[in-house]
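Dear colleague,

Please find below the structure that I am handing over to you. I would be grateful if you kept it open while reading the notes that come after it.

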Amino acid sequence: MSEFNALVVSKDEESGETSAAVETLTLADLPEAEVTVAVEYTTVNYKDGLCLSSGGGLVRKYPHVPGIDFAGTVEASSDARYKAGDKVVLTGWRVGEAHWGGYAQKVRVKADWLVPLPAGLDARQAMAVGTAGLTAMLSVMALEDHGIKSGPVLVTGAAGGVGSVATAILANLGYDVAGVTGRPETESYLKSLGAKQIVAREELAETVKRPLEGETWGGCIDAVGGAMLARVLGQMEYGASVASVGLAGGAGLPATVIPFLLRGVNLLGIDSVMQPYENRVRAWERIAKDLPMDKLEAMVQSATLADLPQLGKDILNGQVKGRVVVDVNA
Ligand code: NDP
């Protein structure tokens, strides 16, 4: 079968408006690269929301197939590292942005961008984790490398994709997790993932008045950025670290240097996009070991290719809870 379905984003050159629809493509439409993969599952990440709408500056060329991550089975490969039948997963490398991505039943990518599906995870579970979950794991590893202090570990944007997986991993590792959410109705969900304490978003929304507050948090995974990150920096324990992952609440950082100077706080930037092969394999192995699969299942909702345009809008509005797994063959 050389024909397959894909969610294609097109741009009207006159109005500049973009629109997305499921279309039938053939293998000849796919970009040149070494490995053709029959996609089984893909997901919805914040960046996918951007690529499904205006592009957010991420998409340069239309028509475009978004989908920054996918899991599936190799169909053909001209690279010796992969052969037909191998199970693989892909996150990052600007796939779904600069290169056609996983919102399709077939995708063609560079062999360097793939990793073998880790033992202990199937394709659906791997995408329940997805880029958001991989980033959560990379953040936990960065905090561990710098030492997590005695206080609770704060997770901002806790009910979102990165936040949900980070909460479940940290709780499973035995840390006291405090989840910040703007959605009070997600409290029981966050507690079911292992959060001990829920912090209302408003409590951290005020801009910094005093550069240092009480030493409260032993570490932080921050998916929100902006004023909330600035506020949290002044509440970290001496020598504690913040893994800065995202900017769902803004790209500015209205902070002072005082937490760095007087409390030795570390601000660790986390980038999942250009992670070298060894790091990605190590992080996936840790996910298979440290993320309880029943908790993963509790944070997942299922969708199809046709649901993606609406889900893209929802994630940009902060309305998606946990992770969305998209069965591209449904
Ligand atoms: P989600 O939309 O699933 O989660 C973001 C969460 O942030 C929301 O669920 C909401 O949580 C909270 N939030 C949203 N808007 C605001 C706001 N205005 N103020 C405060 N909190 C807000 O997205 P993801 O988890 O997939 O991604 C989160 C961020 O991480 C994004 O910016 C994304 O681009 C980035 N990211 C970065 C990666 C990297 O490699 N560095 C990889 C993956 C993602 P709640 O309802 O609980 O308050």
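The notes below describe the domains, the nonpolar cores and a surface patch.

Please bear in mind that this is a predicted model.

The protein is divided into domain 1 (3–117 + 299–327) and domain 2 (131–269). Their C-alpha centres lie 29 Å apart. In the contact between them, domain 1 takes part with 12 residues and domain 2 with 14 residues.

The largest nonpolar core has 50 residues, and those that touch the most other members are Val89, Trp284, Ile287 and Leu291. At least two residues of this core come from each of α2 (123–146), β8 (153–155), α3 (161–172), α4 (187–193) and α7 (277–290). The element that gives the most is α2, with 14 residues. Because domain 1 and domain 2 both give residues to this core, it lies between them.

Leaving aside residues up to four places away in sequence, Ile287 touches Leu121, Val129, Gly133, Leu134, Met137 and Met293. Another core, of 41 residues, lies apart from the largest one; Val39, Tyr62, Val88 and Val107 are among its members.

On the surface, a nonpolar patch is formed by Val257, Leu261 and Leu262, which together have about 320 Å² of accessible area. Is Val257 itself buried or exposed? Its relative accessibility is 51%, and the cut-off for exposed is over 50%, so Val257 counts as exposed. Val257 is found in the loop between β12 (241–244) and α6 (258–263).

Yours sincerely

Key
Residues numbered from 1 in each chain as written. Predicted model: local features only at pLDDT ≥ 70, side-chain atom pairs only at ≥ 80, totals over all residues. Heavy atoms only, no water. Core = buried A, V, L, I, M, F, W, Y, C linked by side-chain atoms within 4.5 Å. Buried < 20%, exposed > 50% of the residue type's maximum accessible area, 1.4 Å probe, protein only. Helix = DSSP H or I, 4+ residues; strand = E, 2+ residues; numbered from the N terminus. Domains from an automatic or database assignment. Contact = heavy atoms within 4.5 Å. Patch = residues over 30% accessible without salt bridge, like charges linked within 9 Å, V, L, I, M, F, W, Y side chains within 5 Å. Areas by Shrake-Rupley, 256 points an atom, 1.4 Å probe, with all protein chains shown as cover. Salt bridge = Lys/Arg side-chain N within 4 Å of Asp/Glu carboxyl O.
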